[in-house]
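Look at the sequence and the structure below.

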Amino acid sequence: MAGDNGDYQIGGLHKTARVIIVLMKKVIVANWKLNPSTLKEARLLFSKTKNTLSVAQNVRAIVCPPHVFVQSLVVDQSSFCMIGSQDVFYEGAGAFTGEVSPASLKNMKVKYSLVGHSERREMGDSDLTINKKIVASLAAGLCPILCIGEKNRDDSGSYFIFLRNQLVTALAGVSRKLAGKIMVAYEPIWAIGKGATRSDSPEDVMEISIYIKKVLTDIYGREVGTKIPILYGGSVDEKNASDLIEKGGADGLLVGRASLDIDEFSTLLNFLNEKK
Ligand code: PGA
């Protein structure tokens with residue numbers, strides 16, 4: 001049976017004991033940002049991405065195109081290659097020029113939305129705004145992918161407190177039941193985009209994933225907190241993906257630039273598809 005986070009359970013009764021094995025599919029999120037500029041290119045990129053995955057069993061891809069292409073692409077989404085939104089607003093209707101409501105996305109059959117991406121935070125989204133977006137998304141039935149990440153790393157480790165605060169504020173008022181619909185993407189800002197010189201090291205990704213799980217466990221308890229998938233994003237490419245998953249222990253990847261290059265992205269998809 002598939003769970004909200006795409007995990008599936010194989011349950012069986014053996015005398016009185018019920019055996020449940022939980023297998024978590026790896027997740028790969030393609031964040032196209034403000035690319036491409038034509039619907040034709042967007043369709044081509046999405047169909048090539050989907051075709052790469054036509055026999056996918058073990059990976060769940062979520063492609064986040066610019067809002068303007070969502071409606072045209074979502075009709076072609078499949079259970080293993082879905083369309084997500086790059087952002088979402090917290091109100092359902094009204095005088096909010098330029099915004100997109102969670103309900104309109106949900107009604108269009110979009111299931112996921114990025115919330116709190118560092119580029120949106122840079123454009124003015126505060127922790128409070130992000131919390132409102134998370135709460136409104138869940139209320140409308142969307143599954144938010146909450147992005148967190150520090151700007152800088154200091155030797156005294158205060159970025160751990162910074163990450164904890166980002167998580168605690170963003171998730172304020174989110175019940176344990178709804179927390180099961182969330183994924184967290186750890187994206188250190190210094191590792192994102194053209195200006196970045198490198199991705200994070202697998203060792204640090206492992207350490208920070210454990211820390212995030214600990215914070216989530218403090219909030220939601222072990223049962224829920226340890227099951228929330230933790231993705232890594234920031235300069236992911238075909239060279240570092242395997243270490244980030246295998247040594248870094250990430251449950252999935254959030255990919256920007258490399259998701260626009262179909263050859264490179266196919267390599268990433270195929271790699272993740274082989275992971276169990
Ligand atoms: P990048 O972007 O892969 O181009 O560094 C990642 C992101 O911003 O989500």
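Predicted model: local features only at pLDDT ≥ 70, side-chain atom pairs only at ≥ 80, totals over all residues.

K33 has a polar side-chain atom 2.6 Å from an oxygen atom of the ligand. For H117, a polar side-chain atom lies 2.8 Å from a ligand oxygen atom. In the side chain of R257, an N or O atom is 2.7 Å from an oxygen atom of the ligand. How much of the ligand does the protein bury? On its own the ligand exposes 280 Å², and the protein buries 99% of that.

Now turn to strand β6, which covers residues 112–115. In a regular strand, side chains alternate between the two faces of the sheet. On one side of β6 are Y112 and L114, on the other S113 and V115, and all of these are buried.

β6 pairs with strand β5, residues 81–85, in the parallel sense over two bridges. In this pairing, S113 of β6 is the bridge partner of S85. Between β5 and β6 the chain passes through helix α3, residues 102–107, and this β-α-β crossover is right-handed.

β6 also pairs with strand β7, residues 143–148. This pairing is parallel too, over four bridges. Here V115 has L146 in β7 as its bridge partner.

Key:
Residues numbered from 1 in each chain as written. Heavy atoms only, no water. Polar contact = N/O pair within 3.5 Å; in protein donor to acceptor, adjacent residues only side chain to side chain. Areas by Shrake-Rupley, 256 points an atom, 1.4 Å probe, with all protein chains shown as cover. Buried < 20%, exposed > 50% of the residue type's maximum accessible area, 1.4 Å probe, protein only. Pairing = 2+ DSSP bridges. Right-handed = clockwise from strand over helix to strand, strands pointing away.
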